[in-house]
There are 4 protein chains.
Amino acid sequence: MAVVSQQRIRLGMIGGGEGAFIGAVHRHAAALDGQTELVCGAFSRDADNNQRTGASLGLAPERVYDSWQQLLEQEAALPAEQRMQLLVIVTPNQLHVPISIAALQAGFHVFSEKPAGVTLSETERLHEVLVASGLLYGLAHTYLGYPMVWQARELVSRGELGVLRKVYVEYPQGWLTDNLEAQQAKQASWRTDPAQAGSSGCMADIGTHAFGLAEFISGQRITKLCAELATHITGRRLDDDGAALFKTDGGASGVLIASQVCAGEENALKIRLYGSKGGLEWQQMEPNTLVLRPHGAPVQLLRAGKGQAGLTDEALKRCRLPAGHPEGYLEAMANLYRDFATAIRRAEQGTPAGVPGISAGLRGMAFIETVTQSSTSSEKWLDVPVTA
Amino acid sequence: MAVVSQQRIRLGMIGGGEGAFIGAVHRHAAALDGQTELVCGAFSRDADNNQRTGASLGLAPERVYDSWQQLLEQEAALPAEQRMQLLVIVTPNQLHVPISIAALQAGFHVFSEKPAGVTLSETERLHEVLVASGLLYGLAHTYLGYPMVWQARELVSRGELGVLRKVYVEYPQGWLTDNLEAQQAKQASWRTDPAQAGSSGCMADIGTHAFGLAEFISGQRITKLCAELATHITGRRLDDDGAALFKTDGGASGVLIASQVCAGEENALKIRLYGSKGGLEWQQMEPNTLVLRPHGAPVQLLRAGKGQAGLTDEALKRCRLPAGHPEGYLEAMANLYRDFATAIRRAEQGTPAGVPGISAGLRGMAFIETVTQSSTSSEKWLDVPVTA
Amino acid sequence: MAVVSQQRIRLGMIGGGEGAFIGAVHRHAAALDGQTELVCGAFSRDADNNQRTGASLGLAPERVYDSWQQLLEQEAALPAEQRMQLLVIVTPNQLHVPISIAALQAGFHVFSEKPAGVTLSETERLHEVLVASGLLYGLAHTYLGYPMVWQARELVSRGELGVLRKVYVEYPQGWLTDNLEAQQAKQASWRTDPAQAGSSGCMADIGTHAFGLAEFISGQRITKLCAELATHITGRRLDDDGAALFKTDGGASGVLIASQVCAGEENALKIRLYGSKGGLEWQQMEPNTLVLRPHGAPVQLLRAGKGQAGLTDEALKRCRLPAGHPEGYLEAMANLYRDFATAIRRAEQGTPAGVPGISAGLRGMAFIETVTQSSTSSEKWLDVPVTA
Amino acid sequence: MAVVSQQRIRLGMIGGGEGAFIGAVHRHAAALDGQTELVCGAFSRDADNNQRTGASLGLAPERVYDSWQQLLEQEAALPAEQRMQLLVIVTPNQLHVPISIAALQAGFHVFSEKPAGVTLSETERLHEVLVASGLLYGLAHTYLGYPMVWQARELVSRGELGVLRKVYVEYPQGWLTDNLEAQQAKQASWRTDPAQAGSSGCMADIGTHAFGLAEFISGQRITKLCAELATHITGRRLDDDGAALFKTDGGASGVLIASQVCAGEENALKIRLYGSKGGLEWQQMEPNTLVLRPHGAPVQLLRAGKGQAGLTDEALKRCRLPAGHPEGYLEAMANLYRDFATAIRRAEQGTPAGVPGISAGLRGMAFIETVTQSSTSSEKWLDVPVTA
């Protein structure tokens, strides 16, 4: 038996210094399966923060860079077996596309936080660069890493719900109930700043998750919507709340709710779908259960778990533990990393396999632009642009 | 000590023969507290059904009438101490107003199933007759009989949530997932027949509950809405599904969902409200718990129960049992009957107190008309008419 | 078609004056279906309380009696078509057997609160009197009125769980966490007084419910137990807490927990059963759901509801409303009354059918005596007496 | 500012080859925080399995050893800066003590799966060796890594529940409902084999978790117990089920349930504690919520989460993510690894801090021996030995 030792994929990271939220999430998730290794970073424009972060992560000092530009340049100059393979972008939104494009052009795969960019048009440019590069681009739609989200998608796809009629998706949070940005809270500040977040706050931050989840599980595209956004805090510069009625290309209709002023709510992303033969419900805060409601028969609780009977292959391969050992948010994100590591290995072996990313990124930008336009329009229904 | 024996209020009923749903609910609920007594009825236009129903209820045969007209006429001719005092109307919608008006004109108090009528204008006529009569008119908004609905209303009213920002109310059911009316199912048939139900199916049947609950708990009026209704079953003649974005006169906004094609759902009426200081959640299927989410503090589960600390007077007086002994739908309806019996006694003692009814009835009709108009309008926002 | 008007069964009540708990429960429950009518009572030894209670219930003053002896004597002297048919006993425990025996001997059916008595031997005397009388004796095991308890029993009986292995039943309450009896709280005072409650407090009050539920659903008899009771409040005279390991005649084993010092708990009676093919769980505070756990397949939530697919006949006939309209504790008790009314009618028509009562009563007394003996025994296992 | 790069702690592993369960759990958990690195292992006595496992983990072939003896010998011979620092033992129980002792004697810290051994006396020998070695010994009580378990312990310790009265702990699983060992299922085979598992199956495997959790949260020691174990499968050689009544040195009493034949249950470890001022409830399958039931006030849901108000320091430092992003079993185990890595660094810096382990290990062995003895004893109460 030939035993080949498995090489870890080498990661670099832009953003994610002390005080950031999602950078550490990516690092935990990337580490979980032991398939990647963080080798370099430019974590903060604050030099001290940057150095401290790098050191605490055990990085060699020479690979903690002053800027993302420097990182790309110097890593590209390293020998192939040393240099970063995949760049993780965990900056505020306005840098997502510029860094992604530069990284692809420098020859690196990219894993970007969502939304993909701040406008649909810049994201379309990214798409062109990506296609030309032949490299891989992933988008951190963490919730699409949960096994039961894949199970739900598969149940819908194989017709367990019959003809799909309704999709209700909601993402209530409460953390922006107060004017945190006036208190210099870092997470709140950039997310409510148009220069960093783009044209939308709540819809860009979490509305895109709800939208992406609805399209992913339903297997349908949202083609029309009618939305109303709001800003509940005096002085806040972007929407912190909104809702939309929508219709899909498959004949279903639904409602999308996203809000960051639902006081007392944590991260209560939830989706329900109903068809002629039954319904489904999944909640992010209890991610290992998928509620199946067959029409005319008792509700069933489908449970995530390694080796669990009745789960689809795609769900099973995203479970590490037997049912009853809860897996959570980091494991979902880790699934994205594991898939990405596998895709890079395949690419290197000449049998490329994609990772989901640019398509969802374009959809998300189309959503953000339509939902913000709809909110100020007197027309009832607006078309969501068709994307590549 | 002078002990005065309590007389039972004498009820008559129109509708509610075998095969009906809500008539038996009213009879159980009216009986629960021993404060009323059914003395007469015209239960069905089918003579056999009518007689069988009356007999099974232990009514004297001479007080089981062939028609509602006959009932009103002959009861009015009985001596005061024998004749019906309160008429319960549990017919399809199109008869609600005509019978209500005739009953009031014949000198009887009225307790009507909702919606109050089939048009706003006929309901306004009913309002005029009612005012002229000096009698009492109640509307069977059963869910407003639950103690924790009153608790929620009071918590909002006294500012526990701060400035109200969001109201989400939803009422998904699944029982019309199939074309039941084609199978002659009685409950489905009349509810989907414009001649009996009026201009709306789902919105008249359950949308009005959601709407009424939202206005009741929030203490605000919905002033604008943007709706989309749908009919998912080929051949069905009225809406079986819909949703609306809305705004209130108190500066809040929200979403209302009502659907009868959510396969696998039972009667999942749920409301959530969020303000600057916290949130509230109540679900009809777990009615004895009110979830309070104070901003920045742990979630609290407020529980219904006789003598329960922390409950308001209005909530407490709607509890018969200590916490942990579940009370349900019949008890909620029974609370409406107990209140009505008390109001009649007071009226007879010359210290009249109202029962809720016509105001909610007018609001419900304004809702139905606006939501159906909005669904076919290309304008985004329609005004909900101001009612008396 | 011959239409026969249905006569209401005439009830009398001993106990249940102002300040009592369970008397009002019985009156609500008895009234709910309109099949019974309260005609007389001796509600309290306090004459004012007694008169006020009778008047508030609309009783004729001459049928509000000074004592239970007077009630039996004078009712027996009334014409058959007027006199009480069924006596409801809602006094403290020590009167259950004396009144039951006297009532049966006076020719009345009896519906008694549990436990049946204060000793097994007096309850065996009651059994003899009952058999000799040819009358009906029911015991208020309210929880056995819930539809899903019957569903559970039937699922076990037809082998859905395979060979039964484990039964866990628990009844934690918190209401005796403080020394309420020192504060003259009526409910606490008699329940902790050996002269009124008998030899056990917690076990007699709620342990018997847990025990009875376990035997009812499992269809097996508990033959051996090993128990430890405790009294957590200084000065309290009876147990307020306990637990027992047990074995059944069907080869299963289990645990019974009953406590009234579980601070913060309401009425959390819960039972779980496991066999070679699956498990079941039912909770009194969410009584309309029965959790079925088939081995190797997803959990199913079976729901109570009129016409609900998959329910057994016995469960269905205990549902008044479609699924989603919660029914609760009063409806469960009402089911006992409806069954009793039916049994009395059949008895009068010469086709007698029993009501459950004396057998469960004897079992409960055997349990109380064994569990209290075991608690002070150094022997591990004690036999639970075999009862008739 | 001096920036010191953090070195990873070097781990070795005995056991955990393909087909094992817990080895991979340890590897994921150890990797999650990037504070450790697996450098060597002896994963299986099957040479192919051993090599494949090592290679798939990216280990250098020369550090994949044929036996645990070889691993200890050859690692000890490596230069200090290369050699393993901490040995992880994930073998069947009978090897825990022999390997632990040998590893400590060879100069390595030890992190062992539970139970600590197969007898109390061998575990006492381990204790002596440990004390003599001056090294660290940790025990994989994974559930003690959950933040809300620490929160619960702290709430009890600071008197939020008042005087503790009751502790109920239960651990129902269903995976041994069938005779899996007869089907050569690896996990089932060794756990039901006395030569590998020791004198107990279910109690050693999961009863110890329940016992340890009860002592950890209550802060009290269980001093007496009365137990009944059972084996429900013909041919099975060890207990697969049991329950015990118990008493603590702090005056509380309780019940412990552990079973592996509760068909349909996953990993439903749950603990409830009640005192004179309130109750607490925690469930492993919903680990981020701690239910607090203050006596006479509404239930509160305390939630895990980084920065969450109201959490104690010990709970907070075990949270990586804000509330609403579920953390689970791997994160709990990762907390044990993070603590162990910190303890090793401190030890190396001359400021030693312990890790929990040997004390819990001794307690667990005392429990296993007492519970198995009690099961066959006719005496009601047995003393649980006092341990170091």
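Interface of chain D and chain A

Modeller: Residues 9-138 of chain A are 42% helix and 18% strand, with the end C-alpha atoms 15 Å apart (helices are DSSP runs of H or I with at least four residues, strands runs of E with at least two, numbered from the N terminus). UniProt, in an unreviewed entry, lists this stretch as "domain: Gfo/Idh/MocA-like oxidoreductase N-terminal"; such annotations may be inferred rather than shown by experiment. The model is predicted, local features need pLDDT of at least 70, side-chain atom pairs count only at pLDDT 80 or more, and totals for chains, interfaces and linings use all residues. Residues are numbered from 1 along each chain, chains are lettered from A in the order written, and side-chain values use heavy atoms, without hydrogens and water.

Chain D and chain A each give 39 residues to the contact (heavy atoms within 4.5 Å). Together they bury about 3,200 Å², 62% of it on carbon and sulfur atoms (accessible area lost, 1.4 Å probe, summed over both). Leu32(D), Glu266(D) and Pro326(D) supply 17% of the area chain D buries here, more than any other three residues.

Glu266(D) also forms a salt bridge with Arg303(A), the closest N and O atoms being 2.6 Å apart. The interface has 2 salt bridges (side-chain nitrogen of Lys or Arg within 4 Å of a carboxyl oxygen of Asp or Glu). On the chain D side, α1 (22-32), α2 (47-56) and α11 (329-348) are the elements that give two or more residues. Of these, α2(D) gives the most, with 5 residues. By class, that side has 19 nonpolar, 12 polar and 8 charged residues (Asp, Glu, Lys and Arg count as charged, and Gly as polar).

Notes:
Buried area is the accessible area (1.4 Å probe) that two parts lose on being put together, summed over both.
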